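Please open the model in a viewer and keep the selection panel at hand.

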Amino acid sequence: MSESALRPYLYAKAHAIYSRFITVEQMQSCLTSKTLAPALDALALEQNAALYMAQQASDTEFDLHEIYISRLFKAISPGNPFSPLLTALCSEYEIRNVSLFLRQGDEAPRAAQSAQDKPPASRAESPSVAPHPASRAVSYYVVPARGKTLFSEEVFTLPRDKVMRILGQSEYAPLVNRWNEAHNIVVLNADLEKLYCRRIERAIKTIPGQDRAVIRRLFEQRLSLRVTLEALRMQRTFRIDKESIPALLYLPTAAIRHDVHNLLHTEHFGSIIDALPRWARVRARDAEVKHPDLRSVNADPELNPSDLAHLENIAAIVLLQIYRHTFHLYHHGYVPLYCYYHLLKREIQNVMLLVNGIRFGVDAETFKAELVY
């Protein structure tokens with residue numbers, strides 16, 4: 001298939017799947033009937049709903065995200081120009097595994113052995129549910145073996161010292177050294193986010209034509225919201241000096257640097273929405289109207305943990321609105337594929353909320369307040 005024919009084909013394929021996403025009403029119906037089957041059907045997943053509910057929630061999350069990234073890679077051929085960007089986007093799973101490996105330290109081998117020797121009760125009681133490999137107790141999701149993938153399930157079966165040597169010979173080496181020196185989780189997360197953003201930026205440069213500028217704008221909008229939230233957490237939760245925070249963050253543009261500087265030098269806000277970048281505030285206020293449970297009760301908030309949690313949900317809703325709008329606006333090219341990555345990921349996250357909602361008997365209204373839609 002020629003490149004000119006391939007681009008609308010890929011959009012049509014993504015659009016066909018996206019149009020089947022589960023609605024909020026369907027998810028609330030799943031809570032009432034206490035079954036996951038309608039949600040899986042809406043996502044065109046053939047997996048056994050009873051298995052997902054019987055196994056641990058962490059394993060269900062692993063399975064759903066594995067299906068998610070596998071579906072994406074099946075839709076994009078290795079020779080397609082979008083493939084490098086998709087590979088870079090999916091490297092967030094590799095990064096999560098690196099973070100988890102470093103933070104778990106010497107506890108990881110013992111956790112894996114414990115999971116192997118004593119499977120969860122739900123699996124032991126259900127002969128139709130086969131135990132998963134022990135490595136699932138200490139790793140996140142499997143990234144398809146396209147391009148260079150450093151961390152997967154198999155790597156976690158290696159001795160820890162060998163894994164550390166692999167890391168020491170990779171682009172993770174500088175941040176591993178900083179972690180070994182200070183064991184500072186905030187710095188580790190910031191270093192990993194920088195590495196991820198640089199991967200995305202390099203891959204965006206490979207996108208041909210006008211699509212590159214649009215995807216770059218979408219990337220910067222996401223980054224703007226992420227560094228805003230991270231700067232607030234560093235300052236308000238971890239009490240890091242405001243003058244030290246910019247050096248920890250990835251701030252590639254003057255506009256983002258300016259927004260973060262103003263944010264860090266503001267003690268109180270008229271509303272939590274005022275803590276967001278100016279470009280996002282109109283959408284954020286619309287989201288707050290739609291989700292009144294996310295409003296702050298403080299007239300002049302200092303952004304306590306509850307405010308930050310609400311702000312994080314509002315920012316996620318803003319991004320979701322942008323991706324949905326852009327997905328339908330661009331009927332050809334690589335822009336809708338970039339949006340599709342984030343849209344499908346959010347849908348999987350909502351399904352995970354549904355899994356836990358059914359498991360713990362959450363009522364429909366409470367569940368709706370937790371969704372990003």
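The model is a predicted one. Of its 373 residues, 49% count as buried.

The chain contains 18 helices and zero strands. When contacts between residues at least 6 apart in sequence are considered, 71% of them join residues at least 24 apart.

**The largest pocket**

Select Arg 96, Arg 222, Arg 226, Glu 312 and Lys 345. Of the 45 residues that line the largest pocket, these lie nearest its centre. The space in this pocket amounts to about 1,600 Å³. To see where the lining comes from, colour α5 (57–75), α6 (83–104), α11 (185–204), α12 (211–237), α16 (305–329) and α17 (335–360), the elements that each give two or more residues to it. By residue class, the lining comprises 25 nonpolar, seven polar and 13 charged residues.

**The largest nonpolar core**

Now select Phe 82, Leu 85, Leu 102, Tyr 172, Tyr 338, Tyr 341 and Leu 354. Within the largest nonpolar core, which has 108 residues, these touch the most other members. The element that gives the most to this core is α17, with 14 residues. In soluble globular proteins, nonpolar side chains tend to be buried together.

Centre the view on Tyr 341. Which residues does Tyr 341 contact, leaving aside its neighbours within four places in sequence? They are Tyr 68, Leu 72, Leu 86, Leu 89, Cys 90, Glu 92, Tyr 93 and Tyr 196.

**Leu 167**

Move to helix α9 (residues 160–168) and select Leu 167. Its relative accessible area is 0%, so Leu 167 counts as buried.

Most residues other than glycine have a negative phi.

Select Arg 239, in the loop between α12 and α13 (245–248). Although Arg 239 is not a glycine, its phi is positive, at about 55°. Is Arg 239 buried or exposed? Its relative accessibility is 66%, above the 50% cut-off, so Arg 239 counts as exposed.

Finish at Leu 303, in the loop between α15 (281–290) and α16. Leu 303 is likewise not a glycine and has a positive phi, of about 65°. Leu 303 is buried, with a relative accessible area of 3%.

Conventions. Residues numbered from 1 in each chain as written. Predicted model: local features only at pLDDT ≥ 70, side-chain atom pairs only at ≥ 80, totals over all residues. Heavy atoms only, no water. 1 Å grid on protein atoms, 1.4 Å probe; cavity = no way out; pocket = protein on both sides within 12 Å on 5 of 7 lines; lining within 4 Å. Points joined across faces, edges and corners; volume = space filled by probe spheres on them. Helix = DSSP H or I, 4+ residues; strand = E, 2+ residues; numbered from the N terminus. Nonpolar A, V, L, I, M, F, W, Y, C, P; charged D, E, K, R; others polar. Buried < 20%, exposed > 50% of the residue type's maximum accessible area, 1.4 Å probe, protein only. Contact = heavy atoms within 4.5 Å. Core = buried A, V, L, I, M, F, W, Y, C linked by side-chain atoms within 4.5 Å.
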